[in-house]
Amino acid sequence: MIAPGDKSTEFHVHACEDEAVYVLSGTGTARTGDDTHHVGPGDFIGYPKRGPAHEIRNTGEEPLKLLVIGQRLSEDVIDYPDQKKRLYRFSGHTNELVDITQITPLDPAD
C-alpha cells in the first residue's frame, strides 16, 4: 500500500529479475523510462529484467493498493539511475551499493 504522495520504491531496474504490478485500488502514475502513465484499478504492468527503470507514485487522495509480483532470486544487480547507484545482491554476502560513476568497465580484449 502506498500513501498519497509517496512512491512504491526508488526508480530502478533489475538485471536478473522480472517484476509485475497489478493495481487493486487507488490511482497513481507509473514512470517507466522516460514515459509516465496514469494507473488505476485493474491495470497490469510488466517490467522485464534489463528493461526500462520504473517506479509508481500515488497521485490520488486514497491509499494506492498494489499486488507486486516478482522473482526474488538469490543474486541480482539493481540500478538506481536517479541516484546513480548500483546494488549488487549475492546470497550469503552483504549487499553492496556502489556509485555507478566509480565502476570501471572491463575491456573485452582482456
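Lys84 is placed in the loop between β8 (75-80) and β9 (85-90); strands (E, at least two residues) and helices (H or I, at least four) are DSSP runs, numbered from the N terminus. The phi of Lys84 is positive, about 55°, although Lys84 is not a glycine. This is a predicted model, in which local features need pLDDT of at least 70 and side-chain atom pairs count only at pLDDT 80 or more, while totals for chains, interfaces and linings use all residues. Residues are numbered from 1 along each chain as its sequence is written, and side-chain values use heavy atoms, with hydrogens and water left out.

A positive phi also occurs at Arg50, where the angle is near 60° in a residue other than glycine. Arg50 belongs to the loop between β5 (44-47) and β6 (54-58).

The table lists relative accessible areas. Buried means under 20%, exposed means over 50%, and partly exposed lies in between, with a 1.4 Å probe and protein chains only.

| Residue | Relative accessible area | Class |
|---|---|---|
| Arg50 | 61% | exposed |
| Lys84 | 47% | partly exposed |
| Phe90 | 37% | partly exposed |
| Tyr88 | 23% | partly exposed |
| Gly60 | 15% | buried |
| Glu55 | 7% | buried |

Strand β9 is joined to strand β10 (residues 96-99) by 4 bridges, and the two run antiparallel; strands pair if DSSP finds at least two bridges between them. Within this pairing, Arg86 stands opposite Val98 in β10. The two strands form a hairpin with 5 residues between them, and Gly92 in the turn has a positive phi of about 85°.

**Aromatic rings**

The structure holds 1 aromatic pair. Tyr88 and Phe90 form this pair, which is stacked, with 6.4 Å centre to centre and 10° between the planes. Rings of Phe, Tyr and Trp (its six-membered ring) pair if their centres lie within 6.5 Å; planes under 30 degrees apart count as stacked, over 60 as edge-to-face and the rest as tilted.

Another ring, that of Phe11, has Arg31 over its face at 3.5 Å from the ring centre. A charge sits over a ring if NZ of Lys or CZ of Arg is within 6 Å of the ring centre and within 35 degrees of the ring normal.

**Glu55 and its surroundings**

Glu55 is placed in strand β6. Its side chain reaches the backbone nitrogen of Phe11 at 3.3 Å. Such a polar contact is a pair of N or O atoms within 3.5 Å; within protein, one must be able to donate a hydrogen and the other to accept it, and residues adjacent in sequence count only if both atoms are side-chain atoms. Leaving aside neighbours within four places in sequence, Glu55 is in contact (heavy atoms within 4.5 Å) with residues including Phe11, Arg31 and Tyr47.

**The nonpolar core**

Tyr47 is also one of the 10 residues of the largest nonpolar core, whose other members are Ile2, Val21, Val23, Ala30, Val39, Ile45, Ile56, Leu64 and Leu66. The elements giving two or more residues to this core are β2 (19-25) and β5. A nonpolar core is a set of buried Ala, Val, Leu, Ile, Met, Phe, Trp, Tyr and Cys residues joined through side-chain atoms within 4.5 Å. In soluble globular proteins, nonpolar side chains tend to be buried together.

**Gly60**

Gly60 lies in the loop between β6 and β7 (65-70). Not counting residues up to four places away in sequence, Gly60 touches Pro4 and Thr27. The C-alpha atoms of Gly60 and Val77 are separated by 32 Å, and these residues are 17 apart along the chain.
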